[in-house]
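Subject: Structure handover

Hello,

Here is the structure I promised to pass on. Please open it first, then read my notes below.

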Amino acid sequence: MTRDELLAAAREAALRAYCPYSHFRVGAALLAGDKLYTGVNIEISSYGLTLCAERSALALADLAPEATIYIDGATRDFSVPDLLPFAFEL
């Protein structure tokens with residue numbers, strides 16, 4: 001799957017976001033092997049329990065430390081250390 005296809009999948013997923021407070025739709029798309037996983041931000045009245053798409057995706061720091069991250073609108077690709085330069089490691 002290409003970079004553009006993954007970004008398109010993230011944009012499509014964003015349409016299903018639940019964001020009654022910010023009205024800011026965020027989608028994420030993750031390719032693992034040949035399987036595509038998508039996620040969205042979910043806002044609830046208890047802010048601490050709100051789940052953002054980025055927060056879910058950054059769990060990759062433990063699960064896929066060598067992942068390449070594409071950000072819609074960015075002209076370059078990112079790595080996990082680019083986004084989390086001081087991430088905890090065992």
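A residue is buried under 20% relative accessible area, exposed over 50%, and partly exposed in between (1.4 Å probe, protein chains only). Alanine 8 has 36% relative accessibility, so it counts as partly exposed. Alanine 8 sits in helix H1, residues 3-14. Helices (H or I, at least four residues) and strands (E, at least two) are DSSP runs, numbered from the N terminus.

This is a predicted model: local features need pLDDT of at least 70, side-chain atom pairs count only at pLDDT 80 or more, and totals for chains, interfaces and linings use all residues. Residues are numbered from 1 along each chain as its sequence is written, and side-chain values use heavy atoms, without hydrogens and water.

Now the strands. E1 (residues 27-32) and E2 run antiparallel, joined by 6 bridges. Two strands pair if DSSP finds at least two bridges between them. Alanine 29 stands opposite threonine 38 in E2. The hairpin of E1 and E2 has 2 residues between the strands, and glycine 33 there takes a positive phi near 65°.

Next, glutamate 43. It lies in the loop between strand E2 (35-40) and helix H2 (53-57). Leaving out residues up to four places away in sequence, glutamate 43 touches Tyr18, Cys19, Pro20, Tyr21, Ser22, His23 and Thr50; contact means heavy atoms within 4.5 Å. A polar atom of the glutamate 43 side chain lies 3.0 Å from the backbone nitrogen of tyrosine 21.

Best wishes

Notes
A polar contact is a pair of N or O atoms within 3.5 Å; within protein, one must be able to donate a hydrogen and the other to accept it, and residues adjacent in sequence count only if both atoms are side-chain atoms.
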